[in-house]
Amino acid sequence: MSFLNAIFQGLLQGFTEFLPVSSSGHLSLFQYFTGVNSEGSVLFSVLLHFGTLAAVIIAFWPTIWALIQEAVLLLRDIFTLRVTKVKPNSKRRMIYMLILSCFPLLLVLLVQDRITALSADNSILAEGVCFLGTALLLTLADHAIPGKKTAKTMTGGDALVIGTAQLMATLPGISRSGSTISAGLIMGLSRSYAVAYSFILGLPAVLAAGLLDLKDLMSGTGAAASLEWGPALVGMVVAAISGFFAIKLVNYIVNTNKFRIFAIYTAVLGTVVVILGIIEIVTGNAIQGFIVGLLA
C-alpha cells in the first residue's frame, strides 16, 4: 500500500463515515475494484474506523464528557439503591435512551455470518441495493415534519426505532449516520439533537465492532504482518481529520434542510452499482477485472 493510497482511503473513510452515504459500502467498492481484499486490508479498515471514532470524540467532547460524569453518578445511585428516587435529568435520560438504542444490535449476533458473507462475496449487487435503501431513508427524512424533541422529551419508542435503523446499517451500503439521523428526524427529534444523538450512539457500536474484528484478525498471524504500518497510521490520522470536518458539514446540511443532496447521490450510485453488479454476474466479473487492470 502506498502513502497516496492510504491517504485516499483515509479521506474516503473520514468523509463517508459521517456523510450519509455509507463508508462500508464505499470502502467495499474501492477495495473490490482495486483488487484489495487481504487480511491486511481488513485490519487497515479497522484502523480507519478507530480514526473516525477519534473525530466523534473531539467534535462532541463537551457532551461526551458530561455523559461520562453522569454515568458515574448513575452507577453511584445504582449501588446505593437511590436510582429510582432520583428524577433523571436530560443527561441521564440521554444515557437511558442510548442504552435502549443499542439493544437491537444484539440481533446482529444471530445474522453476523450472513452479513459478513454479503460484505466478502464476489458481487457488488448487494451493496447497490443497500445504497438504494439509504436513498429511500434519506428521502423519507427529507419530507419529515421538523420536530423539537430532545433528551428531555424523546421516548423509549424513539430510541428503539433509531436503534433498529442502526441495526440495518450493519449491511454494506446502508449508511449508519444516514439511517440513524433519518430515523431521528422521522420520529420528531430536533435537527441538531438528531445529529448529536446519531454520532454519539455510533461510538459504542463502532468501537465494539472494531475490537471484535481486531481480536479475530490478531488471533492469526497474517493480518499484522501483511499490513504496511507507516501508510496505515497516516491513513488513520487522515480519517480522523477528514471525519471531524465531515461531522461539521453534516450538522450544517441537516440544519439547513439539504438532506436531499445525499438522497439523490445514493440513489444514482445505487442504480449504477446494481447495473454493474448485474452485468458482472452475467459476464463473469469482467468489469472488475477490467478496472483492476487499469488501476494496476
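The views below come from a predicted model, where local features need pLDDT of at least 70, side-chain atom pairs count only at pLDDT 80 or more, and totals for chains, interfaces and linings use all residues. Residues are numbered from 1 along each chain as its sequence is written, and side-chain values use heavy atoms, without hydrogens and water.

**View 1. Helices α8 and α9 pack against each other.**
Helix α8 covers residues 156-168 and helix α9 covers residues 176-186 (helices are DSSP runs of H or I with at least four residues, numbered from the N terminus). Their axes lie 8 Å apart, at an angle of about 160° (axes are lines fitted to C-alpha atoms over the stretch in contact, and angles run from 0 to 180 degrees between N-to-C directions). The pair is therefore roughly antiparallel. Look for V161, I162, A165 and Q166 on α8, which meet R176, S179, T180, A183 and G184 on α9 (contact means heavy atoms within 4.5 Å). Sorted by class, these residues are 4 nonpolar, 4 polar and 1 charged (Ala, Val, Leu, Ile, Met, Phe, Trp, Tyr, Cys and Pro are nonpolar, Asp, Glu, Lys and Arg are charged, and the others, Gly among them, are polar).

**View 2. Helix α1 packs with helix α12.**
Here α12 spans residues 229-255, and its axis is 7 Å from that of α1, at an angle of about 30°. The two helices are therefore roughly parallel. From α1, the contact draws on F3, A6, I7, G10, L11, Q13, G14, F15 and F18. The α12 residues of this contact include P231, V234, V238, I247 and V250. In class terms, the contact between α1 and α12 has 13 nonpolar, 7 polar and no charged residues.

**View 3. Helices α4 and α5 cross.**
The axes of these helices come within 9 Å, crossing at roughly 85°. This makes α4 and α5 roughly perpendicular to each other, and the WHY is their angle. On the α4 side you will find A66, L67, E70, A71, L73, L74 and D77, and on the α5 side K91, R92, M94, I95, Y96 and L98. This contact has 9 nonpolar, no polar and 4 charged residues.

**View 4. The second largest pocket has a nonpolar lining.**
Its volume is about 220 Å³ (a pocket is an open set of points on a 1 Å grid over the protein atoms alone, with protein on both sides within 12 Å along at least five of seven lines; a cavity is a set where a 1.4 Å probe fits but cannot get out; lining residues have an atom within 4 Å of a point). A volume is the space filled by probe spheres set on grid points, which are joined across faces, edges and corners. Around this pocket sit I64, L67, I68, A71, I95, L98, I99, C102, I200, L201, L203 and P204. Two or more of the lining residues come from each of α4 (61-79), α5 (90-102) and α10.

**View 5. One cavity of 30 Å³ or more turns up in the whole structure.**
About 60 Å³ of space lies inside the largest cavity. Its lining is formed by E17, F18, T52, L53, V56, R176, F199, G202, L203 and V206. Helices α1 (3-18), α3 (39-59) and α10 (191-218) each supply at least two of the lining residues, and α10 gives the most, with 4. The lining has 6 nonpolar, 2 polar and 2 charged residues.

Note on methods: Parallel < 35°, antiparallel > 145°, perpendicular 65-115°, else oblique.
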